[in-house]
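Here is a briefing for a reader who is new to this structure. The points are grouped by topic.

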Amino acid sequence: MEAAMGLIRRIHPKRSDTALSALLSLLPHHSSDLLSQVDQPLQVLCDVDCGKGFILCEYNRDADSYRSPWSNKYHPPLEEALFPSSELRKLEIEANEAFTIYREQYYEGGISSVYLWEDDEREGFVACFLIKKDGSKTGHGRRGYLQEGAWDAIHVIEVGPEEEKAVHYCLTSTVMLSLTTNDESSGTFSLSGSIRRQMNMDLAIADGHLCNMGRIIEEMEGRLRNTLDQVYFGKTKEMVCTLRPPPEIVMRLPNS
Amino acid sequence: MAEEEYYDSELSDKQKKEIAKWFLLNSPAGEIQYIAKDLKSVLNDERVYNEAAQEAFPLYNKSHLISLELPDRSGDVLITPYNELDKNEYLDPRDAQVATVNHVKQVCTEARPAVDEELPSPYIEEYRYALDAEMLKYVGEAYPKGVCSVYCVNGKDVEGPGSNFELVVVISAVKQSPKNFCNGSWRSVWNIEFKDEVQVLVIRGKIQVGAHYFEEGNVQLDAKNECKVETKFQAPEESAHSIANIIRHHEAEYLASLEASYSNLPDTTFKDLRRKLPVTRTLFPWHNTSQFSLTRDIQKELGIGK
């Protein structure tokens with residue numbers, strides 16, 4: 001399993017789905033571990049009731065069907081399916097509405113879905129916030145710079161029980177992205193990758209779960225975007241300039 | 001479903017070998033040995049692994065233009081499709097040697113003097129030698145760890161003016177810093193057709209740059225560029241000089257365009273995936289979410305209603 005994760009860490013992020021299916025066939029006994037540890041690009045289905053898209057994940061799946069957060073119905077229909085309690089469903093509806101506006105403001109497009117379910121072990125609940133954005137010029141790219149551009153974000157929050165008017169939130173976030181520009185003079189330029197981070201916070205219950213979860217996610221997304229931009233992309237640029245230093249660095253060398 | 005699972009768990013050796021080859025061939029630059037190590041333990045089948053490695057390593061080594069140190073440490077030999085004499089023998093035209101390599105271990109085991117048939121004619125060698133000298137100078141200046149070589153890929157036995165021939169310049173620079181979780185490679189291949197009849201050189205360049213940073217994540221850069229330029233057919237030294245100038249100029253421009261792509265990221269390209277700040281330029285008003293039960297009104301107000 002460790003070796004399998006070692007392979008996933010090195011194989012090109014754009015080919016991680018091929019790598020995962022190869023590993024699943026080589027290590028069928030580890031399939032549940034692999035599926036939970038290797039993040040895959042998000043898939044979308046259309047809710048037949050309202051015509052809106054919703055995102056598929058382990059958290060809205062029952063057998064081979066997926067529950068839409070809009071109509072609360074499974075696609076394809078399923079008998080005796082699992083649903084969140086009516087109280088959680090109410091919060092889920094609110095969360096989906098708020099997150100839709102949040103997404104429009106940060107992403108200017110894309111699809112989002114929020115799923116909640118009871119966590120019997122910890123007397124709390126778990127929430128999964130998902131965003132999928134196609135930023136290419138044929139998708140939702142407002143500025144039209146990208147030949148290809150994808151951003152998939154997965155935020156899973158474990159919400160603990162209320163203790164002395166505070167609640168413990170544990171957020172695990174993954175972002176997978178790829179962007180490619182292509183023009184005649186500079187050729188193709190493509191960056192792709194994935195990172196996963198965790199964050200723990202105790203917040204007062206007074207503001208409500210949705211407000212607390214939203215703030216944590218907003219902070220985490222900002223951090224992840226910044227880390228990708230500054231650190232990860234920055235390191236690859238540094239590498240290019242090590243391989244072939246730009247002229248000003250070459251000229252500075254004799255003095256240093 | 002049950003049938004499928006049964007089928008999956010009973011992969012044939014041939015299927016396993018194909019999967020193993022896929023992993024090896026898709027290793028990032030400089031990381032095939034790490035992939036190989038993890039792959040061996042995932043496969044848990046020495047024989048299948050060895051078969052896959054025998055087939056995948058030579059292909060990987062040639063496409064990544066890896067350089068191997070000669071046994072006497074006098075220099076490096078590049079592994080490319082252009083100087084392959086036999087599947088384990090690669091010509092080093094600069095020192096007129098033939099290196100025998102072990103692809104899987106990625107080492108050069110021995111070197112012998114090249115025989116006349118393996119080398120270009122004296123007429124071609126004049127052009128090759130002059131270009132090699134220019135490229136050595138350029139690569140020494142531009143790439144701290146670059147290796148280059150010039151091969152004749154067409155018409156190596158041409159004895160004098162009157163016939164076409166083709167040289168290829170290969171530049172390969174690799175940087176590995178596994179401790180910093182960072183690896184990268186720059187590969188350029190420049191084909192130069194010497195067209196005798198029309199007294200023209202047709203130069204075609206292909207540059208491929210890759211970088212991988214994987215500390216607590218996995219981010220990769222892939223960049224590619226191709227170009228075509230024509231120039232006059234001249235005497236060996238003059239030709240070499242003008243070819244080297246074209247390569248120098250184009251590669252410097254390409255590096256500048258890579259830097260420009262990076263500096264465009266924050267405000268243009270990356271912004272199309274996710275903005276740094278919302279369109280409102282203030283953090284999202286999560287404390288007001290109770291009002292979102294009136295979502296429709298707010299959507300109308302923000303002008304984002306469907």
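B:Ala235 is partly exposed, because its relative accessible area is 39%; buried means under 20%, exposed over 50%, and partly exposed in between, found with a 1.4 Å probe on protein chains only. The residue sits in the loop between β11 (218–232) and α6 (236–269) of chain B; helices (H or I, at least four residues) and strands (E, at least two) are DSSP runs numbered from the N terminus. B:Ala235 and B:Arg248 are 13 residues apart in sequence, and their C-alpha atoms are 20 Å apart in space.

The model is predicted, so local features need pLDDT of at least 70 and side-chain atom pairs count only at pLDDT 80 or more, while totals for chains, interfaces and linings use all residues. Residues are numbered from 1 along each chain as its sequence is written, chains are lettered from A and ligands numbered from 1 in the order in which they are written, and side-chain values use heavy atoms, with hydrogens and water left out.

**Chain A overall**

- Chain A has 6 helices and 10 strands.
- Along the principal axes, the C-alpha atoms of chain A fill a box of roughly 70 × 45 × 40 Å.
- Of the 256 residues in chain A, 51% are buried.
- Taking contacts in chain A between residues at least 6 apart in sequence, 50% join residues at least 24 apart; contact means heavy atoms within 4.5 Å.

**Nonpolar cores**

- In soluble globular proteins, nonpolar side chains tend to be buried together.
- The largest nonpolar core has 92 residues, and B:Met135 and B:Trp186 have the most contacts inside it. Such a core is a set of buried Ala, Val, Leu, Ile, Met, Phe, Trp, Tyr and Cys residues joined through side-chain atoms within 4.5 Å.
- Helix α5 (residues 209–243) of chain A gives the largest share of this core, 13 residues.
- Another core, of 31 residues, lies apart from it and includes A:Leu7, A:Leu23, B:Ile19 and B:Ala36.

**The largest pocket**

- The volume of the largest pocket is about 980 Å³. On a 1 Å grid over the protein atoms alone, a pocket is an open set of points with protein on both sides within 12 Å along at least five of seven lines, a cavity is a set of points where a 1.4 Å probe fits but cannot get out, and lining residues have an atom within 4 Å of a point. Grid points are joined across faces, edges and corners, and a volume is the space filled by probe spheres set on the points.
- The largest pocket is lined by 28 residues, and those closest to its centre are A:Leu35, A:Val38, A:Gln40, A:Cys57 and A:Glu58.
- In chain A, α2 (16–26), α3 (31–37), β7 (124–134), β8 (148–159) and β9 (166–183) each give two or more residues to this lining.
- The largest share of the pocket lining, 4 residues, comes from α3(A).
- By class, the pocket lining has 15 nonpolar, 8 polar and 5 charged residues; Ala, Val, Leu, Ile, Met, Phe, Trp, Tyr, Cys and Pro count as nonpolar, Asp, Glu, Lys and Arg as charged, and the others, Gly among them, as polar.

**Cavities and B:Ser149**

- The whole structure holds 2 cavities of 30 Å³ or more, and the largest cavity has a volume of about 60 Å³.
- Among the residues lining the largest cavity are B:Asp76, B:Leu91, B:Cys148 and B:Ser149.
- The largest share of the cavity lining, 4 residues, comes from β7(B).
- The cavity lining divides into 6 nonpolar, 1 polar and 3 charged residues.
- B:Ser149 lies in strand β7 (residues 146–154) of chain B and counts as buried because its relative accessibility is 6%.
- The side chains of B:Ser149 and B:Tyr151 make a polar contact (3.4 Å). A polar contact is a pair of N or O atoms within 3.5 Å; within protein, one must be able to donate a hydrogen and the other to accept it, and residues adjacent in sequence count only if both atoms are side-chain atoms.

**Backbone features**

- The peptide bond from A:His75 to A:Pro76 is cis, with omega near -10°.
- A:Glu108 is not a glycine but has a positive phi of about 50°, and A:Glu108 counts as buried, at 10% relative accessibility.
- B:Ala96 also is a residue other than glycine with a positive phi, near 45°, and B:Ala96 counts as partly exposed at 28% relative accessibility.
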